[in-house]
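The following paragraphs lead through selected features of one protein chain. The reader is asked to keep the sequence and the model at hand throughout.

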Amino acid sequence: MKAAASQSSAMQPAATYDWAGMERSLDTHGNAILPGLLTAKQCDVLASRYAQDEGYRARIVMDRHGFGRGEYQYFSYPLPPLLDRLRHVLYPRLSPIANRWNLQLGIDTQYPDELDAFLQRCHKAGQTRPTPLILEYGEGDSNCLHQDLYGEHAFPLQVAILLSEPDRDFAGGEFVMTELSTKGQRADVVALRQGDAVVFAVNQRPAMGLRGVRRVAMRHGVSRICSGKRHTVGLIFHDAK
């Protein structure tokens with residue numbers, strides 16, 4: 001327990017981030033970077049877990065489902081302490097943004113201040129399976145553009161943390177986001193280093209247009225890995241059916 005507590009406390013303190021700037025980036029681009037959320041050691045420890053047999057509820061081979069190429073595994077409850085702590089620390093920072101977006105989009109759903117209250121809502125609706133996951137890509141692998149929606153209750157923001165170092169552990173494999181609206185299509189390539197996290201819109205976000213707020217549909221994926229191996233952790237705040 002002491003080791004787990006130490007690992008959790010070693011992550012970048014939430015108070016040190018420019019949360020107002022992050023919110024502006026989310027409003028403008030649908031994504032924002034939290035640099036250095038995890039240390040290199042924490043990243044290496046999490047990446048090494050991928051080969052372990054215990055601690056997961058499911059393993060997915062992407063090409064069997066048309067998701068791209070590569071693999072990922074969903075963690076089982078209880079989550080690794082560090083990931084559980086991150087999920088609980090980040091959610092209260094993101095829920096006000098999610099609530100504001102829904103109001104702007106004319107969506108009635110509002111999210112509670114704390115993660116546990118939201119998870120209770122999910123569980124009452126039969127969404128009881130944990131969704132945090134770890135992904136492994138090798139040479140030639142990629143992840144098709146997609147949205148992570150697992151049931152009626154879906155939190156509109158999620159977080160991906162890069163566990164590997166670009167140009168050392170792998171080449172290629174950029175995090176990609178696209179948006180589609182009445183103004184057309186646009187793509188963003190989000191540059192990350194080991195330990196950086198990207199917060200991004202899961203499904204849709206509001207944007208201001210000439211006639212008021214318009215709805216922008218979002219997708220995310222990973223470009224082809226040219227060489228090496230890439231590991232990522234995904235923190236999704238709603239549970240699955």
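A residue is called buried when its relative accessible area is under 20%, and exposed when that area is over 50%. The structure shown is a predicted model.

The confidence of the prediction deserves attention before the details. The mean pLDDT of the protein chain is 91, and 94% of the residues reach 70 or more. Residues 1-10 are a stretch where pLDDT stays under 50, and there the model has nine contacts beyond four places in sequence.

Helix 4 has a kink of about 35° at Tyr-91, shortly before the proline Pro-92. After the helix comes Gly-106, which has a positive phi near 75°.

Tyr-91, the site of the kink, also takes part in aromatic pairing. Such pairs are described by the distance between ring centres and the angle between ring planes. The model contains twelve aromatic pairs. Because Tyr-91 lies in helix 4 and Phe-237 in the segment after strand 15 (230-235), the pair ties together parts that are 146 residues apart in sequence. Through ring pairs, Tyr-91, Phe-155 and Phe-237 join Tyr-111 and Phe-118 in a cluster.

Attention now turns to the loop between helix 5 (115-124) and strand 5 (133-137), which holds Thr-131. Is Thr-131 buried or exposed? Thr-131 is buried, with a relative accessible area of 0%. The side chain of Thr-131 reaches the backbone oxygen of His-238 at 2.6 Å. Beyond four places in sequence, the residues that Thr-131 touches include Tyr-74, Arg-87, Tyr-150 and Ile-236, as well as His-238, Asp-239 and Ala-240.

Pro-130 occupies the loop between helix 5 and strand 5 and is buried, with a relative accessible area of 5%. The C-alpha atom of Pro-130 is 9.6 Å from that of Tyr-56, a residue 74 places away along the chain. Among the residues in contact with Pro-130, beyond its neighbours within four places, are Tyr-74, Phe-75, Tyr-77 and Asp-239. Tyr-77 is in turn joined to Pro-78 by a cis peptide bond, with omega about -5°. Pro-78 is located in the loop between strand 4 (71-75) and helix 4.

Asp-167, in the loop between strand 7 and strand 8 (170-172), has a positive phi near 70° although it is not a glycine. Asp-167 counts as exposed, because its relative accessibility is 68%.

Notes: Residues are numbered from 1 along each chain as its sequence is written. This is a predicted model: local features need pLDDT of at least 70, side-chain atom pairs count only at pLDDT 80 or more; totals for chains, interfaces and linings use all residues. Side-chain values use heavy atoms; hydrogens and water are left out. Helices (H or I, at least four residues) and strands (E, at least two) are DSSP runs, numbered from the N terminus. Buried means under 20% relative accessible area, exposed over 50%, partly exposed in between (1.4 Å probe, protein chains only). A polar contact is a pair of N or O atoms within 3.5 Å; within protein, one must be able to donate a hydrogen and the other to accept it, and residues adjacent in sequence count only if both atoms are side-chain atoms. Contact means heavy atoms within 4.5 Å. The bend at a residue is the angle between axes fitted to the seven residues ending there and the seven starting there. pLDDT is the predictor's confidence in each residue, from 0 to 100. Rings of Phe, Tyr and Trp (its six-membered ring) pair if their centres lie within 6.5 Å; planes under 30 degrees apart count as stacked, over 60 as edge-to-face and the rest as tilted.
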